[in-house]
Amino acid sequence: VAQAYVNQRKLDHEVKTLQVQAAQFAKQTGQWITMVENFNQALKEIGDVENWARSIEMDMRTIATALEYVYKGQLQ
């Protein structure tokens, strides 16, 4: 009976240790998830800026082409 009591105490201690470690792991996992979500958001914002820059570049090329057309028309 004494050995069973000792074993039960060891098991209780191991269960408590496992619960603490599981809680710490869950907390760390939550932090990782938050970091990944923030990273994904940053990538989306970079994509938005890239699309905006392409749009501006196309507009500027259109304006440059129009100005060149007008300039050449005035020379002739």
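## E50 and its partner

E50 is partly exposed at 41% relative accessibility (partly exposed lies between buried, under 20% relative accessible area, and exposed, over 50%, using a 1.4 Å probe and protein chains only). R54 pairs with E50 in a salt bridge, with the closest N and O atoms 2.6 Å apart (a salt bridge puts a side-chain nitrogen of Lys or Arg within 4 Å of a carboxyl oxygen of Asp or Glu). The two sit 4 residues apart in helix α1, about one helical turn (helices are DSSP runs of H or I, at least four residues, and strands are E runs of at least two, numbered from the N terminus).

This is a predicted model, where local features need pLDDT of at least 70, side-chain atom pairs count only at pLDDT 80 or more, and totals for chains, interfaces and linings use all residues. Residues are numbered from 1 along each chain as its sequence is written, and side-chain values use heavy atoms, leaving out hydrogens and water.

## The other bridges

A search of the whole structure turns up 3 salt bridges. E57 bonds this way with R61, again at 2.6 Å between the closest N and O atoms; E57 is partly exposed at 38%, while R61 is exposed at 54%. E68 and K72 meet at 3.1 Å, N to O, and they too lie 4 residues apart in helix α1.

## Overall build

The protein has 1 helix and 0 strands. Its C-alpha trace spans about 110 × 10 × 10 Å along the principal axes, and buried residues make up 0% of the 76 residues.
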